[in-house]
Amino acid sequence: MMKSRAGKVIIPNTGGMKLAIATPCYQMQTNSLHEKALFETTLFLARYTDIVFDYWHIPSAPYIESARNEISLRLLRSDFTDLFFIDSDMEWTLQSFINVLQAPGEVVGTAYRVKSSHERFVGAIERDGCRYVANEHGLFPAKRLPGGFLKVQRSAFESLLRTHKTYGFFDRMGEGFNKLGEDYSFCKRCERAGVKMWLEPRTTITHYGIDGFQGNYQDHLIKSHSGAKKPAECGPLVSIVIACHNSAPWIDEAIQSAMNQAYRNIEVIVVDDGSTDDSREIVSKYAVKLICKENGGVSSARNLGIQHARGEWICCLDGDDMLKPEYVERCMDLRDSAEIIGSWMQELGGMNRTIPTPDNPTADDFKVGNRIHCASLFRRDLWERVGGYDTDLGGVPYLGYEDWDLWLRITELTGARVRIVPEPLLVWRRRPGQQSSSMDHGALCRRVLEKNGLPICGQAAGVRA
């Protein structure tokens, strides 16, 4: 089955694979169970296998067959070897994904349970010694594979091109071979082209279905009775800017935590600040905006990322930290009463403690010490009004004080209101040697206060992340 070699997992039949995982989407965004399964799957691929992969989340035309044809054509124009369709309302286990990945077929599908207005099972059964797939229309041979969780090799598309001379692999309902669905028409074409098809029975997969293109699963993170929402219905666009410098061991988790937000109207921007490790190669696997620059420090990286951001709200995440899935959503719930919104922190490493933040700190509180973490959300126009992050302190490296300096200037110059979600929704990774010495801490605190024309009263303190 799977063998461990040099810290990697060897999956049969995947040698030299370059895999595109594609989610077509029209007016319906992925629910949190899909996002959780996707997080586990892509993290496994990145950490434990040598499979090169990418994730394509593609807003599509109103017809699913148009989306699948568009994705198939994109594969043929690339150098990817395999395409894995995973619809936005699917939930699966990692082992199910692995089983499909290693199955011996050019087209590999599964049986799965459907949860919608009426629960039914789309699955494989035995009758008269033959395997059949059952759905609400009845029985058909196992060569007809549901398209919601379907892996297709490049060779299958190439065979279809030779046989049918068209890029229209999936038919619209009522046209061509499409009598039961676009996946039926695709499998019918594959059968006629001699493509090898395989139904993988060892899977645990659920399809939550759609209801008016909104989804009908009461998503426990999005908290919507109609399931996942369109981005425009969630609220303003939030840009998550991740500054990355030699963050290869942790950047996977940082990016995945940003992409895994229950709040769907987000963009993710990664600024590589002159990394000399594999950070850029890791980031390039993801469907995020990657900006590369020479090393200039975290302040210059954040400023550059915000310059390229489209969001009305900004979140600056360090490349070794993580956001819990509900972080942005819980913060944005408070956007009508504040211009800066943060949360408590969960320490990872050290004492693994929960670090609370003072309730709703004022401008005077920031004159004593930092009161919120660096990943707190803030309105972009505030950053513009104060000139962004300062890139040095008179030649002294900031070492984690650039955010305090920004909060000081914003609250003092703009009167911005600050609100706190009293839950540890930022995971702050404490690493050996990460923090400056207490002597550096005192000197930098005094320098921040002097820079902002504030009196030095004892030793300033506060949140260090």
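**Entry 1. The chain overall**

I began with burial: of the 465 residues in the protein chain, 55% are buried. The model I am reading is a predicted one. I looked up the elements next and found 14 helices and 23 strands in the protein chain. Taking contacts between residues at least 6 apart in sequence, 75% join residues at least 24 apart.

**Entry 2. Confidence**

I looked up the pLDDT before going into details. The average for the protein chain is 77, and 71% of the residues score at least 70. By element, the lowest mean pLDDT, 45, belongs to strand 1 (residues 3-5). The highest mean, 98, belongs to strand 22 (residues 377-379).

**Entry 3. Helix 2 against helix 4**

I looked at how helix 2 (residues 64-76) meets helix 4 (residues 154-164). Their axes come within 10 Å and cross at roughly 105 degrees. An angle of 65 to 115 degrees counts as roughly perpendicular, so helix 2 is roughly perpendicular to helix 4. From helix 2, I listed Ser72, Leu75 and Leu76 in the contact. From helix 4, I listed Arg154, Phe157, Glu158 and Leu161. Sorted by class, the contact of helix 2 with helix 4 has four nonpolar residues, one polar and two charged.

I made a side note on spacing. An α-helix has 3.6 residues a turn, so residues three or four places apart point the same way.

**Entry 4. Helix 4 against helix 5**

I followed helix 4 to helix 5 (residues 182-193). Here the axes come within 9 Å, with a crossing angle of roughly 75 degrees. Helix 4 and helix 5 are therefore roughly perpendicular to each other. Helix 4 brings Phe157, Ser159, Leu160, Thr163 and His164 to the contact. Helix 5 brings Phe186, Arg189, Cys190 and Ala193. I sorted the residues of the contact of helix 4 with helix 5 into five nonpolar, three polar and one charged. Phe157 is listed in the contact with helix 2 and again in the contact with helix 5.

**Entry 5. Helix 3**

I checked how far helix 3 (residues 94-102) is covered. Seven of its nine residues are buried, and I put it down as mostly covered. The buried residues are Ser96, Phe97, Ile98, Asn99, Val100, Leu101 and Gln102.

**Entry 6. Serine 299**

Is serine 299 buried or exposed? Its relative accessibility is 4%, so serine 299 counts as buried, the cut-off being under 20%. I placed serine 299 in helix 9 (residues 298-307). I then looked for what the side chain of serine 299 touches, and found that it reaches the backbone oxygen of aspartate 390 at 3.0 Å.

**Entry 7. Arginine 429**

I found arginine 429 in strand 23 (residues 418-429). With a relative accessible area of 11%, arginine 429 is buried. Which side chain does the side chain of arginine 429 join in a polar contact? I found glutamate 253, at 2.8 Å. I also noted the backbone oxygen of aspartate 320, which lies 2.8 Å from a polar atom of the arginine 429 side chain.

Key. Residues numbered from 1 in each chain as written. Predicted model: local features only at pLDDT ≥ 70, side-chain atom pairs only at ≥ 80, totals over all residues. Heavy atoms only, no water. Axes fitted to C-alpha atoms, helices over the stretch in contact; angles between N-to-C directions. Helix = DSSP H or I, 4+ residues; strand = E, 2+ residues; numbered from the N terminus. Parallel < 35°, antiparallel > 145°, perpendicular 65-115°, else oblique. Contact = heavy atoms within 4.5 Å. Nonpolar A, V, L, I, M, F, W, Y, C, P; charged D, E, K, R; others polar. pLDDT = per-residue confidence, 0-100. Buried < 20%, exposed > 50% of the residue type's maximum accessible area, 1.4 Å probe, protein only. Polar contact = N/O pair within 3.5 Å; in protein donor to acceptor, adjacent residues only side chain to side chain.
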